[in-house]
Structures are given as C-alpha cells and as structure tokens.
Amino acid sequence: MTDNSFHPEFNSESLLDPKDWEEFRKLSHEVIDDLIDYIRTVRNRPAWQSPSPEARQALSQPVPHAGADIREVYARVKKNILPYPTGNIHPRFWGWVMGGGTPVGILADMIASAMNCHVSGYDQAASLVESQVIEWLKEMFEYPETASGLLVTGGTVANLTGIAVCRNTFDGVSVREKGIADCGRMTVYASRATHGWLDRSCDLLGLGEQAFRKIRVDERHRVDVAEMRRAIHKDREAGFIPMCVVGTAGTVGSGATDDMHALADLAAEEKIWFHVDGAFGALAKFFTKYRSIVSGLERADSIAFDLHKWGYMQYETGVVLIRDAVARRNAFSFAPSYFETFRGGIGVEPTEFAARGIQLSRSFRALRVWMNLSVYGVDRIGAAVERNIDEAQYFRALIEQQPELEVIGPAEMNVVCFRYLWPGLSEDELTERNRELLVCIQESGIAVPSSVRVNGKFALRVAHTNHRSCRSDFDALLIAVLKIGRQLAKSFSAHHSANER
Ligand SMILES: *Cc1c(COP(=O)(O)O)cnc(C)c1O
C-alpha cells in the first residue's frame with residue numbers, strides 16, 4: 001500500500017463515487033431540508049392521492065444507459081415520487097395496519113445506509129447493536145435470558161420463522177434431513193381470524209394449507225380453546241401429528257386477542273409448540289395500561305411482532321423471539337466453508353445472525369430499532385400505543401352516537417369496524433354502497449380507512465397505529481363519513497326514481 005492511496009483524488013477513481021464531494025454535500029443538505037419539510041407539512045396534503053398521469057409516464061421509461069445529472073434526477077423524484085406515498089405518514093391514515101415511521105428513523109436509515117453493513121454476523125458494531133436490541137426486546141417481553149431473537153423483514157417472515165423452528169425441531173421428526181414426505185401429516189391449530197401468513201407458511205413449509213385447522217371464534221372473536229382441544233384430539237386419533245398451537249394478539253380484522261394463558265396451558269398439556277402472532281397487538285406489552293390484554297404472551301415458545309406497525313418505526317422491521325435457543329440453532333444452522341469461525345479477526349462468528357433465520361445478507365435494520373428505543377425510550381412508545389387505544393375508543397363512541405352508523409365486531413382495542421346504515425336496504429345493497437362510501441372517502445383525500453368482512457358483513461375499518469393522529473382527526477373522518485353517506489343516499493334515491501320512471 002502506498003501513501004497516495006489516501007490521496008483525496010483517489011476517490012475520484014471510483015466510477016460511482018462523486019467527482020465533486022462538496023457538490024454532493026450541498027445537494028445532500030438540500031435533500032434533508034426537503035424531507036424535514038415534507039414530514040412537517042404532511043398534514044396539509046391529502047391523506048392519499050393516486051399518482052398523476054405524468055408520474056406514471058415518467059416511471060415507465062426505457063433502461064437509462066447513459067446516466068443523468070443527480071440534480072435532474074432528484075427533480076424528478078420531487079415531481080413524480082414524493083407526492084405519491086402510500087399515505088401512512090399522514091395523520092389521517094388508518095388503513096390496514098401500518099406505522100408512520102419516525103424522524104429518528106430517517107436519520108437511522110441514512111446512517112445505516114452510509115455504513116452499509118452486512119449483518120450476517122462478524123465482529124462489528126452492527127452485530128453488537130442487533131444483540132443489544134434483541135436483549136432489550138427479550139426483557140420487555142419477559143422472555144428468559146437464554147432465548148434467541150432475530151430482526152427480519154416483517155411479521156410474515158417472523159411468523160414463518162417461528163413455525164419453521166417448530167417444524168424443524170419437532171420431537172421425533174427430522175424434516176431437515178428427510179424432507180416433509182417422511183414425517184407424517186403435521187397439523188397446526190389457530191383461529192379462523194388468523195392473518196393470511198399462516199396459510200402461506202403451511203404452504204411454504206410443505207405442510208399444505210389444509211394442515212392449518214381453522215378453529216371457530218367466540219362473540220369477542222377470540223379462538224374457542226375447547227374446540228381447539230377437541231380438534232387436536234380428533235386429529236391425533238386419526239393419525240395426524242399435531243405440531244403447534246397459534247394464538248393471535250390483535251387480529252388483523254377486528255383487533256381481538258386470544259386467551260393467551262388458555263392457549264399456553266393447552267400447548268403444555270398436549271406437549272406441542274405455542275406460537276404467538278403479535279404483529280401489532282404484542283406492542284400493548286410496552287408498559288401500557290392495556291398490558292393485561294396480551295398477558296400470557298410471554299409463555300409462548302415463539303413470538304412474532306412488527307416494530308414497523310405499532311412500534312412506529314420504518315419498514316422493514318419485524319422481530320421473532322424463540323424461547324429455546326438450541327432449537328433455533330438446530331433449525332437453521334449451516335456451515336459452508338467460506339464462513340469459518342476464527343478466534344479473532346473479522347471472522348468471529350460470521351454467521352451468528354444468518355444461522356438464526358433464512359437470510360444470509362442482512363441489512364443494519366437494528367440501528368433503526370436501537371436509535372428509536374434510545375431516543376424515545378420504551379415508555380414513550382408505550383404511551384403512544386396507549387394513546388392510540390384511547391383515541392380508537394373515542395372514535396368508537398362517536399360512531400355509536402350516530403343512528404346512521406353501526407359498529408361491527410368487538411372493537412376492544414385499536415381497531416374499529418363500522419358501516420353506514422341506509423334504511424330499507426338489503427345486506428348486499430349495504431355492502432355495495434359501503435364499498436362506494438369507502439372509495440369516496442379515500443379519493444377525497446380526507447382520510448384512509450380500509451375494509452374488512454366482520455361476521456359476514458362488509459365494514460369500513462379504522463386500524464389505529466398512527467402516532468400523528470389526534471382526536472380532531474377522528475372528528476374529521478366522522479364528518480366526512482356522514483356527509484358522503486348522506487350524499488350517496490340522495491344519489492341512490494335519484495337513481496332509484498329515475499329507474500322507476
Ligand atoms: C400485518 C400482520 C401480519 C403480517 O406482517 P407483515 O409485517 O405485514 O408481514 C401478520 N399478522 C397480523 C395480525 C398482522 O396484522
């Protein structure tokens with residue numbers, strides 16, 4: 001190595017680094033300024049808008065063989081991309097279950113991007129950061145010190161990982177060596193209200209979607225545990241291998257939480273794995289006054305949850321915790337010759353994290369978690385979760401006061417499902433018109449609820465995991481629903497009388 005390898009001009013040898021770093025610095029400062037304004041003024045823009053025809057045109061261009069000036073490209077970003085986000089950064093976005101992202105997360109992602117760490121393991125700060133946040137999360141979820149954890153892309157992969165560890169380490173079954181064909185018919189038990197990840201997991205893990213025994217729910221939309229027990233016994237008698245009981249903390253449809261203690265007891269009696277999908281609901285555990293709703297979650301063999309939903313952090317931030325670290329190691333360990341472990345150097349446990357799950361190349365998402373928790377503290381994030389539940393209950397009360405509206409389903413936590421009741425309409429007509437109402441609200445840009453079927457009825461759904469909302473935002477949604485609902489009533493009756501004529 002010669003001295004001149006550190007000469008400033010050396011960088012300009014790269015085909016991809018800027019020739020003029022000062023110019024790059026200037027532009028970078030402008031970008032940051034723009035982004036801060038973008039977030040700060042988000043309330044003044046529509047909650048959602050469809051990309052313009054110009055934007056669509058600009059984003060269907062041929063392969064750019066010769067590049068363009070970065071300022072010109074950034075101008076295109078400002079014109080065609082930034083104005084058309086999903087909408088979840090907006091205070092009146094309550095569609096599906098999405099988090100808003102935090103300002104701290106913006107900085108964390110920028111720093112992580114500059115470091116561009118490969119977090120399969122290795123002796124590096126990123127590994128220490130990920131270990132640290134896993135330790136914190138274990139403690140917050142009352143998991144034993146010996147448990148293992150991993151940050152993954154999201155809830156689907158976190159849940160899949162939990163079930164994969166269960167399958168791969170299930171007593172007397174050696175799926176890893178022999179494949180699924182030799183292992184008998186393994187079955188999984190969960191409520192009908194379980195999110196679609198479980199069908200996909202059963203499919204991907206070779207169990208087949210029929211292995212997912214869909215158990216009915218009670219009037220509060222919690223799984224019927226007695227029915228689940230009967231299903232397990234019946235299957236066992238018929239030669240199936242019951243493998244896992246799954247509970248949900250916060251169902252995607254109505255926000256219901258299964259009786260975690262009853263499920264943990266059942267799994268213990270039956271000597272099978274207990275997995276919890278706590279994608280958003282698990283966050284009630286963050287020292288909120290609603291903590292008892294998810295009590296018993298800590299007894300699970302594996303827990304999956306997202307920090308990009310109710311943890312408010314940027315995508316993609318999912319977490320899986322596995323109680324038995326040995327089981328986890330047996331499920332995913334691998335040892336290719338290009339990943340030897342050394343006593344020193346960078347290769348100290350180079351696959352520490354890669355051997356905990358599916359991904360080898362892994363991003364430094366842990367920095368986002370570490371910085372958010374370090375800056376806000378768990379208590380503040382918990383306070384935001386608590387406020388969301390309070391606001392959802394406020395909205396539920398608003399709906400209940402309106403004779404034209406009806407709450408559907410339990411609405412006990414942060415999810416409120418409702419519909420407009422136009423008098424004299426059949427169920428099918430109510431569905432059709434509530435679908436129309438939903439689209440009108442979204443296209444108005446005032447707010448974004450989504451939809452779901454609850455008890456067979458079509459409902460508008462407000463799933464509140466938004467740290468930017470306040471009560472007046474829910475007032476605004478209510479006013480829009482009533483106004484558009486009344487307008488639709490008029491247009492229906494005009495249409496109706498036109499048809500009669
Ligand atoms: C969102 C969600 C999932 C899936 O998580 P992703 O992060 O979207 O992959 C699973 N279960 C429930 C209850 C969810 O709300």
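Predicted model: local features only at pLDDT ≥ 70, side-chain atom pairs only at ≥ 80, totals over all residues.

Biologist: Which residues of H13 are the buried ones?

Modeller: They are Leu430, Thr431, Asn434, Leu437, Leu438, Ile441 and Gln442. The arc they cover around the axis is only 125°, and therefore they lie on the same side of H13.

Biologist: How do you know what span to expect of H13, and how does its reach compare?

Modeller: H13 runs over residues 427-444 and has 18 residues. The expected span is 1.5 Å times one less than the number of residues, and for H13 this gives 26 Å. From first C-alpha to last, the helix reaches 26 Å, close to that expectation. Just after H13, Gly445 has a positive phi of about 80°.

Biologist: What makes Cys417 count as buried?

Modeller: The cut-off for buried is under 20% relative accessible area. Cys417 has a relative accessibility of 1%, and therefore counts as buried.

Biologist: Why is Cys440 called partly exposed?

Modeller: Partly exposed lies between the 20% limit for buried and the 50% limit for exposed. The relative accessible area of Cys440 is 24%, so the term partly exposed applies.

Biologist: How do you know that the sulfur of Cys440 is too far from that of Cys417 for a bond?

Modeller: A disulfide requires two cysteine sulfur atoms within 2.5 Å. The closest cysteine sulfur to that of Cys440 is in Cys417, 20 Å away, and therefore too far for a bond. A search of the whole structure finds zero disulfides.

Biologist: What makes up the lining of the largest pocket?

Modeller: The largest pocket holds about 410 Å³ of space and is lined by 17 residues, with Tyr38, Ile39, Ile89, Ile106 and Gln314 nearest its centre. Helices H1 (21-40) and H4 (103-115) are the elements that give two or more residues to this lining. The largest share, three residues, comes from H1. By class, the lining divides into seven nonpolar, eight polar and two charged residues.

Biologist: How many cavities of 30 Å³ or more does the structure hold?

Modeller: There is one. The largest cavity has a volume of about 90 Å³. Its lining of 13 residues has Arg45, Pro46, Ala47, Pro83 and Pro85 nearest the centre, and divides into nine nonpolar, three polar and one charged.

Conventions
Residues numbered from 1 in each chain as written. Heavy atoms only, no water. Helix = DSSP H or I, 4+ residues; strand = E, 2+ residues; numbered from the N terminus. Buried < 20%, exposed > 50% of the residue type's maximum accessible area, 1.4 Å probe, protein only. Arc of directions from axis to C-beta. 1 Å grid on protein atoms, 1.4 Å probe; cavity = no way out; pocket = protein on both sides within 12 Å on 5 of 7 lines; lining within 4 Å. Points joined across faces, edges and corners; volume = space filled by probe spheres on them. Nonpolar A, V, L, I, M, F, W, Y, C, P; charged D, E, K, R; others polar.
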